[in-house]
Amino acid sequence: MNPRPAILIARAVFPEVVARLREHFEVETNDTDEPFTPAQLVQRLQGKVGALTTGSERISAELLAACPQLRVVCNIAVGYNNFDVAALTAARVLATNTPDVLTETTADFGFALLMATARRISESEHFLRAGRWNRWALDMFAGAEVHGSTLGILGMGRIGQAIARRGAHGFGMQVIYHNRSRLDAATEAECKARYVSKDQLLAQADHLILVLPYSAGSHHAIGAAEIAQMKPSATLVNIARGGIVDDAALAAALRERRIAAAGLDVFEGEPKVHPDLLTVPNVVLTPHIASATMPTRMAMANLAADNLIGFLTQGRALTPINPEAL
Ligand code: DGY
């Protein structure tokens, strides 16, 4: 009898998902959930044909050269900037991600962060907890209006569109967006969103939310020059990826009140956070949790497992990134 294929689950996942994978494969887990160093990951992948990964596992050309048995890597994330896709394709290794199952949950969080930022929720809670609230005042923590304001969206994929629908239909916002490619007319109408240039987006948005994928081309898409184009009353929300915003430039702009406030779920070099962001009051900081509800995280892990099982048992993955690898 042929031995069962061996796979690695690189980070701790739900027991139900591990059990599903054990029905098909010899499974090695990482029960400590401590991210592997690149060398440890190479070592753990020896003899493995498949892996379940998260954004913390970098799949590089060097790793692929050192792991010639690997045939498929399944990210438990919609973003896959931890994958060198060209190297994966050249090595004929299939890569998959988890689109769709997190769209609405992530859009909910984007809106929550936008509202917390505009209405100064974290800042005012810190004030209260510090025992500094001794009287009510008319202008106390007066923030920016959300309803009826102009919502700017940079990156208009599935999550951007779900945010646009919330803003336009739920809060009566004027929605403007910029994207590499313009949406078709029917989708624009359904999202009530108007396409503008990036310069117009920066200049007109009362609240600017970033939902674009990270790539070399989007590195520091928002830096000092872009922030200078924004209204002094504007807020900036990043639920996309660290590195899209120049965090040092943003912290300086927030400190000098060149924009009103920011809400950040992702950071350059996370889990480290730029120290200047930790000391400015007008920023809401969360630890990369935009898709974090139990049903959604379960759906993401199950979709990644479905991709692994489907590909290794039937040669078919549900959500491949690089089908040309085959
Ligand atoms: C995603 O799915 O890309 C989330 O950011 C989690 O990594």
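Predicted model: local features only at pLDDT ≥ 70, side-chain atom pairs only at ≥ 80, totals over all residues.
1. Let's start with the ligand. The residues around the ligand are Ala77, Val78, Gly79, Leu102, Arg241, His288 and Met300. Histidine 288 takes part through its side chain, with an N or O atom 2.7 Å from an oxygen of the ligand.

2. Next, helices H5 and H7. H5 spans residues 103-118 and H7 spans residues 158-171; their axes come within 8 Å and cross at roughly 55°. The crossing of H5 past H7 is right-handed.

3. Which residues make this contact? H5 contributes Thr103, Glu104, Thr106, Ala107, Asp108, Phe111 and Met115, while H7 brings Arg158, Ile159, Ala162, Ile163, Arg165, Arg166, Gly167 and Phe171. By class, the contact of H5 with H7 holds seven nonpolar, three polar and five charged residues.

4. Finally, do have a look at H1 (residues 15-22) and H13 (residues 294-314), which pack at an angle of about 10° with their axes 10 Å apart. Angles under 35 degrees count as roughly parallel, so H1 is roughly parallel to H13. On the H1 side, Glu16, Val17, Arg20 and Leu21 meet Met298, Ala301, Asn302, Ala305, Asp306, Leu308 and Ile309 of H13. Seven nonpolar residues, one polar and three charged make up the contact of H1 with H13.

Technical notes. Residues numbered from 1 in each chain as written. Heavy atoms only, no water. Axes fitted to C-alpha atoms, helices over the stretch in contact; angles between N-to-C directions. Helix = DSSP H or I, 4+ residues; strand = E, 2+ residues; numbered from the N terminus. Left-handed = near helix turned anticlockwise from the far one by under 90°. Contact = heavy atoms within 4.5 Å. Nonpolar A, V, L, I, M, F, W, Y, C, P; charged D, E, K, R; others polar. Near = heavy atom within 4 Å. Polar contact = N/O pair within 3.5 Å; in protein donor to acceptor, adjacent residues only side chain to side chain. Parallel < 35°, antiparallel > 145°, perpendicular 65-115°, else oblique.
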